[in-house]
Amino acid sequence: MNHTVSAIKEKLRSFYKTDELAYASRKATSSSADLSRLGLQRINNEYGSLLVREKRFPLDFGHGGRALADFLLLSHKQFSYINKQDFSPSLLSEDFVFLDTETTGLAGGSGTYIFLAGCGYFTNDVFIVKQFLLTDHQNEYAFLYHVATLLKSFKGIISYNGKSYDVPLLKTRFILNRLAEDFERFIHIDLLHCSRRLWKKHLKECNLGNIEKKLLGFVRQDDIASADIPGKFVAYLQTGTVELLSPVYKHNCIDIMSMVSIAILAAAAFDCSQNEKIAAHTDKRSLFKVFMALQEYDAAFQLAEKSYEDNDVHLLLDYSYALKKRGNFDKAVKVWEHLIAQSSFIEPAYLELAKYFEHRECTFSKALDIIDRVQKRREILDELGVAGEMLGAEEWQHRKKRVLAKISCSEKKNSIGKTA
Amino acid sequence: MKLTLEQIIDRLRRNEAFMSCVTAWQEIPAKDPEYAEFPAQLDERLLTALHKHGIHKLYTHQAKAIDQALNKKDSVIVTPTASGKTLCYNIPILHSVIQTQESRALYLFPTKALAQDQVHELQRIIELFSETIPFSIKSYTFDGDTPVSARKAIKSSGHIVVTNPDMLHTGILPHHTQWVKLFENLHYVVIDEIHHYRGIFGSHVANVLRRLKRVCQFYGSRPTFICCSATIANPAELAEQLTGESVTLIDKSGAPHGKKHFIFYNPPVVNKELGIRRSYIKETQRIAADFVANDVQTIVFARSRMNVEILLTYLKDTMRRLGKPAIKIRGYRGGYLPLERREIEKGLRDGLIMGVVSTNALELGIDIGQLQISIIAGYPGTISSTLQQSGRAGRRQETSLSIFVSSSSPLDQYIVNNPHYFFEKSPESGIIDKDNLLALLSHIKCAAFELPFAADERFGSNFTGSSGLDSTQEILLYLEESGVLHRSGDKWHWMAETYPAESINLRSAAEENVVIIDKTKPQEKVIGEIDLFAAQLMVHDEAIYLHEGKQYYVDKLDWQRRQAYVHGVQVDHYTDAQLKSDLKVLEVFQSTDTENDFTRGYGEVVVTSVATMYKKVKFQTHENIGWGKIHLPELELHTMAFWYAFPPNIHQIMQLNKEELGDGLKGIAHLFKNIVPLFIMGDRNDIAVLPMVRSPFSEKPSVYIWEQYPGGIGLSKKLFHSFDNIIAAAHDALETCACSAGCPSCVGPQLEVGEKSKKVAQSLLQIMKSN
Ligand SMILES: [Zn+2]
């Protein structure tokens, strides 16, 4: 049973009749002159070679309506807001590297390779975008080794969806190449999470393109579609033509620049007075929650006080609960009374007031009045058939009985007092 | 007055009508337990916990299995039902975890339900250690139902991860970097119920295990394999094929059992001319009713959900007639939760439950305790399943009874009439071909996705396949040419954007499947998937498709979109599609070639087939009650085939005309189709048989048996080497069939195969036997 290679291939082809990609012969690798024309440089280390592209931007360089320098002005506090996480005052803007990778597929798993790792960072009054390019799989170690060396000088990573995509993939590549790097040591700010918190309510879509269009005010021209990126690397491997990758590294560079602008923008969003356009797109309730989580109560309450005019019901409710928890009933009652004065039926506010009057102020008639109003509103909603899944009719009835009992009891007491 | 089991047995023996239907009555003598000490190196804390659990000594097979595992020797344990199989692997593995907290183990079960059942059992044992060891042993199932939120903890801290081969294939191996802790410290891999891993499923699983070993090697671990199997002819061979390691066979059980009576019962013939017998379901009802009426705990196994319902209704009625609560009879089907099972188990112990009627879901190792009588209504398909079902009866030292009630299907009739095949050594072999070209190609893709291939790497160490490939390199070259792999330096790397495991189904051969969609309810539901070759036969327009014992009518087969739309029905017939096939031999792998003699051979063939029409056939009587046309395109199948050829002048030797010879060949083809599965542990759909009065290849009268899977899975080779057994079995089947001149149970219905078929087939088989 001696089978020649061609016979086996013939056999395999008979199973798979689809026209699969023909494999073109490879061209010679580009000369160093070609490379430098493209802004690329070949680096050889003991493990192999890779291509590096470095672009420097002055600090006053503008992108998406912001100067890069604005990022350097961010305080540790602002980073805390962005990431909803407390950072130490020693944290500086320069401690972060912006990271974005391009890959051979979106499926994930150990067969997905990173072929471009773009890193953006500030140093000596300039912003550098350094992009490492994998020239061939056998050079993956050399490629990752350079990425690892660069990452060593930073404390934090800023990414867009890096928590679930870029970093796990990078970890996988490191493990497969037996390269040690403890990714847990990094502070990781994933701007996608922050964008969703702040803008999803108003923008719906939080992909980079939509944020650029709606908040940074630009639309990319001639940008490569994400789905076409893996194909470019395949074509490059087949032909050796580096130019084929230029749309990819341009795309990657813009991704990194936009991340800088988004970080600046997100920080600004926490100071609503600063920029009305951003304020209009930002979900105030999310800001409130971040402030509360970071125990910045003054900032949180100030923001909430201003939100009466926006009439953000959920934010006001959150605010009232926070006030109640801290024993500030005067202000809380003010919020609840504001809410029950509205035309829409905000039941939790009624409930809080009913509880307040019954248990705290012990003005049972006021409590009864609230309960009656609730029951009337529920009846109307019921008749209109819009009551939906409203629960708790029994609870309200129960509450009413109890309040009525308390009223009659105190009336008795009063009458006994009178006769005595 | 109620009778004891012994009295019932006695009464059966004196019942002439009953005895006239009995074709075999075997008495299997009681066996005393054989005990052995715990291996000396077992951890003290483990022993303390086991004592607390009431386990003070081991059966001999357990001790041997534990000893092998502790000494890192790969093994396969062949265990009868209720012989304490799980301790064979749980003890050494718990020992390993107690001693080295980092130690990890992976358990593979063929189904999710079994995996979940096993974790419940494990957790009960682990609880015993809560006081004696300073850390908690964590065992988890990991399958499609595992919530995403729980996965991270399982990956990093699960000591024992219990899963199925499909999940290992699509969910774990392609993401092995997330399982570093597991793979770096993987000491044991348990593969339970390996007799399920046969045929194409087994061929795939063997390749998944090759991938597992490759990943382990990357992380520097070498797990010990512990396999468990039901009784089959070749457990060690199968385990070695699956794991790629040589294994120790442990098949001498030390567990005790009481005396067992095993009866084969063939319902009486009611129409001799057509070979029609009384309904086996009705016979089962009658027999079982007598037992439950006497409060003897009985389990009845039926082949389909529908039959379970019929039997259940009837037995409940019987109870009511006798003035007993119907609740004493319970149904049991797949998908019952552990809690419900515990309840049935408790009911049986307390005597609140007298009868359980079950589909074969119970045969799969799930434990509901032991009963006194088991009745098997219809042959479950394999000897090992039959043994497992029969093993449900018989507790400790008490006498038990098993009755096999035969249906009229050819395989059932063969078994009931030839009981020695059953009671002597099992002829069923679990056969796989892990070097099936398509399986190999699929898994080399997956393996390349997981880790790049070294230029001189061989996929699997003992690489000698029936596909004729002797090197991994050819496949890698082919994949490079197709743009799937990229060679860089001395390695082949995955280059496609896709995730290969996703499109490879371990339980089917073809890459393309037809999805079956149930439209009975407004909410459509996918109930299954079958490959194209099976689809043309089973889900053509107007076919009756059987799925988990339920009948479905096929409203439309959309060939272009690979979808079949069905709705649930209840009818008294099934459909049998006729395939017009043509076969061309491409290459002869082995042959006993002599010019004018009886020859046999096997090799590679291409089969073109097109489904042309279907018959509607009535259950029980096999009566033809209608037919219809099928309009589907022709399919081409590259596979392996076995052939048997007669001398060109055989009709002269035997004084037959060509037509008679043709009818005889049709008859033996029908017999082979039904009997071959008995030897390959498969079902009738694994093979196809084609009789030819003059084969264009050999120019001789021939019978071809080909494998219904692209590339073949090793069945033809097996047939080539053991065809004598099949000739003998076919001959026995003909001799013992009660019909006068052919029936569906032997050569096929007379209307189709001709009146002389049985006679000619008999003499052909006779001459085959002596050649
Ligand atoms: Zn017959």
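A nonpolar core is a set of buried Ala, Val, Leu, Ile, Met, Phe, Trp, Tyr and Cys residues joined through side-chain atoms within 4.5 Å, where buried means under 20% relative accessible area with a 1.4 Å probe and protein chains only. This is a predicted model, in which local features need pLDDT of at least 70, side-chain atom pairs count only at pLDDT 80 or more, and totals for chains, interfaces and linings use all residues. Side-chain values use heavy atoms, without hydrogens and water, and residues are numbered from 1 along each chain, with chains lettered from A.

**View 1. The largest nonpolar core holds 84 residues.** Look here for A:Phe71, A:Phe127 and A:Trp199, the residues with the most contacts inside this core. Helix H10 of chain A (residues 246-269; helices are DSSP H or I runs of at least four residues) gives the most, with 13 residues. At least three residues come from each of domain 1 (30-269) and domain 2 (283-419) of chain A, with bounds from an automatic or database domain assignment.

**View 2. A:Phe127 and some of its contacts (heavy atoms within 4.5 Å).** Leaving out residues up to four places away in sequence, A:Phe127 touches, among them, A:Phe57, A:Phe98, A:Tyr121, A:Ile256 and A:Val260.

**View 3. Strands E1, E2 and E7 of chain A (DSSP E runs of at least two residues).** E1(A) (residues 40-45) runs antiparallel to E2(A) (residues 48-58), with 6 bridges between them; strands pair if DSSP finds at least two bridges. A hairpin of 2 residues links E1(A) to E2(A), and A:Ile43 has A:Leu50 as its bridge partner. E2(A) also pairs with E7(A) (residues 126-133), antiparallel over 8 bridges.

Key:
Buried < 20%, exposed > 50% of the residue type's maximum accessible area, 1.4 Å probe, protein only.
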